[in-house]
Amino acid sequence: MHKWQMKYLHYSLALLLLVGCASEYKSRKPVTPDQACIEKIRPTGVNTSWYTTYIDVIGRHISGLLLIKQMPDSSRRVVFTNEAGVTFLDFQFNTDGSFQVKQVIKQLNKKAVIQTLRKDFELMLGIPFRQSITEAWLQDGEVYYGVPQKKETAYFITTPDCASLRRMELGSSRKKKVTVALWGNDLSAPDSIQVKHYTFNMVIGLKKIER
Amino acid sequence: MFKTPGKSASQYIGIAIIGLLCISATAFAQYPGYKSVSDLAAFKKQFATESAKVQSITSDFVQNKELLALTETITSSGKFWFKRSNRVRIDYTKPFTYRMVMNGDKMLVKDDQKENRINVKSNKLFQQVNKIMIDCVQGTILDSKDFTTRIFENDKSYLLEMTPVAKTLKEFFQTIVLTVEKKDYSVRSIDMNEPAGDKTTITFSNKVLNAQVADEVFAL
């Protein structure tokens, strides 16, 4: 290999590393949180509804029914069953932020699986946004309202005029990890929901069952 | 052995009789209107003979999934086909669409998004589910080593209470209860009782036995 070719390769690798390490949140600019917008748009979760659901994870496809239930004590339950009625998992999200696995089948009873689904459902239920929101940023024509979590930040993202909620997002300091998008006229009982992971290949799709 | 002072043999017998009565009462309370079938061997023989006469079934069904602690029920319905031997198709049509076809060792699962073809032999759980479904419909469930069975009857039907033996099945079902029509030995309903208390009931209606069912119905 010629000397100039080696040099070119080194430059290319350096550029690739720089691009790979570049923060997706780098270009955001801090803005003063609009409290009126927060009150109007802050996601408060999904009311009691049944959804047909699929989970595509690393080449595997699972389908079933998902119940999101608001309990009389304001806790939330998320139950995933197969179409024939067998319960795969039953999670409880308490009002104090604690979490309980009420039931899970052996095949899903793995710490990584439970933690991943817990975070996904918490974001979907708007649980991180129960705290006061003191930080906001403007990026790519969208306003990010953020709440720090243990190692990540949970965002809900609005249009600049606060006309609508674009999506919810969970990100590390450098890159987005999960997005939750809702569709429908009533976002407290959306017609469909999509949870998408960006650090590995996983998508959860939900479509509301009209009973 | 511990002995309580002052208790006579007749008192122990009395306690034992009350205990036995309680056990019987539990069975009757669990399945009101039913009594135990006394001649199990004769029933098994009759069940196998009569079931063997059923070559095909076409039926509608309604499924109710009850989540006890959450006071939630979801009802779905659809169509069911069976053709001897080893072929079953279940189509859920309301309020969602979902198809499951079992044809020998092969299985097709089709939801809104995808079609999955599964070789049942490669998955122990699918193999067991497939076997239960086929055994229930073909009348061979009483020969299954996967369950212990208690049998009850009333004027019109038999009730087969099946308790799983294998650990993998115990995780999903506490009992599976089949209600079988006395007139033609066909399954009227299946109750799947889960360990946490939730229950799924599938009730069959508009059953047609031994009509012509095309092989294409079970195409994978």
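## Close-up views of a two-chain predicted model

**Figure 1. Chain A at a glance.** The accessible surface of chain A comes to about 11300 Å², and carbon and sulfur atoms hold 55% of that area. Please keep in mind throughout that this is a predicted model. Chain A is built with three helices and 13 strands. Of its 211 residues, 50% count as buried. Among the contacts in chain A that join residues at least 6 apart in sequence, 43% link residues at least 24 apart.

**Figure 2. Chain B at a glance.** Here we turn to chain B, with four helices and twelve strands. Its accessible surface is about 11900 Å², with 56% belonging to carbon and sulfur atoms. In chain B, 43% of the 220 residues count as buried. For contacts in chain B with a separation of 6 or more, residues 24 or more positions apart account for 43%.

**Figure 3. A salt bridge between the chains, A:Lys69 to B:Glu72.** The structure holds 25 salt bridges over all chains, and this view shows one of them, in which the closest N and O atoms of A:Lys69 and B:Glu72 are 3.1 Å apart. A:Lys69 counts as buried because its relative accessible area is 11%, under the 20% cut-off. B:Glu72 is buried too, with a relative accessible area of 9%.

**Figure 4. A:Glu142 and A:Arg166 pair up within chain A.** The closest N and O atoms of this salt bridge are 3.1 Å apart. A:Glu142 belongs to strand S8 (residues 142–148) and A:Arg166 to strand S10 (residues 165–171), so the pair ties together parts of chain A that are 24 residues apart in sequence. A:Glu142 is buried at 10% relative accessibility, whereas A:Arg166 is partly exposed at 40%.

**Figure 5. B:Lys79 meets B:Asp60 in chain B.** In this salt bridge the closest N and O atoms are 3.3 Å apart. B:Lys79 comes from strand S3 and B:Asp60 from strand S2 (residues 56–67) of chain B, so the bridge ties together parts that are 19 residues apart in sequence. Both partners count as partly exposed: B:Lys79 has a relative accessibility of 32%, and B:Asp60 has 24%.

**Figure 6. A patch of positive charge on the surface.** Four lysines gather here, namely A:Lys106, A:Lys110, B:Lys124 and B:Lys167. A:Lys110 lies in the loop that runs between strand S6 (99–104) and helix H3 (111–124) of chain A. With a relative accessibility of 46%, A:Lys110 is partly exposed.

**Figure 7. The surroundings of B:Glu181.** This residue is part of strand S10 of chain B (residues 175–181). B:Glu181 is buried, its relative accessible area being 13%. Apart from neighbours within four places in sequence, B:Glu181 contacts B:Lys156, B:Ser186, B:Arg188 and B:Lys207.

**Figure 8. B:Ala52 and B:Val137.** B:Ala52 is found in helix H2 of chain B (residues 40–52). With a relative accessible area of 40%, B:Ala52 counts as partly exposed. B:Ala52 and B:Val137 are 85 residues apart in sequence, and their C-alpha atoms are 9.9 Å apart in space.

How values were computed. Residues numbered from 1 in each chain as written. Chains lettered and ligands numbered in written order. Predicted model: local features only at pLDDT ≥ 70, side-chain atom pairs only at ≥ 80, totals over all residues. Heavy atoms only, no water. Patch = residues over 30% accessible without salt bridge, like charges linked within 9 Å, V, L, I, M, F, W, Y side chains within 5 Å. Areas by Shrake-Rupley, 256 points an atom, 1.4 Å probe, with all protein chains shown as cover. Salt bridge = Lys/Arg side-chain N within 4 Å of Asp/Glu carboxyl O. Lys, Arg positive; Asp, Glu negative; His and termini not counted. Charge placed at Lys NZ, Arg CZ, Asp CG, Glu CD. Helix = DSSP H or I, 4+ residues; strand = E, 2+ residues; numbered from the N terminus. Buried < 20%, exposed > 50% of the residue type's maximum accessible area, 1.4 Å probe, protein only. Contact = heavy atoms within 4.5 Å.
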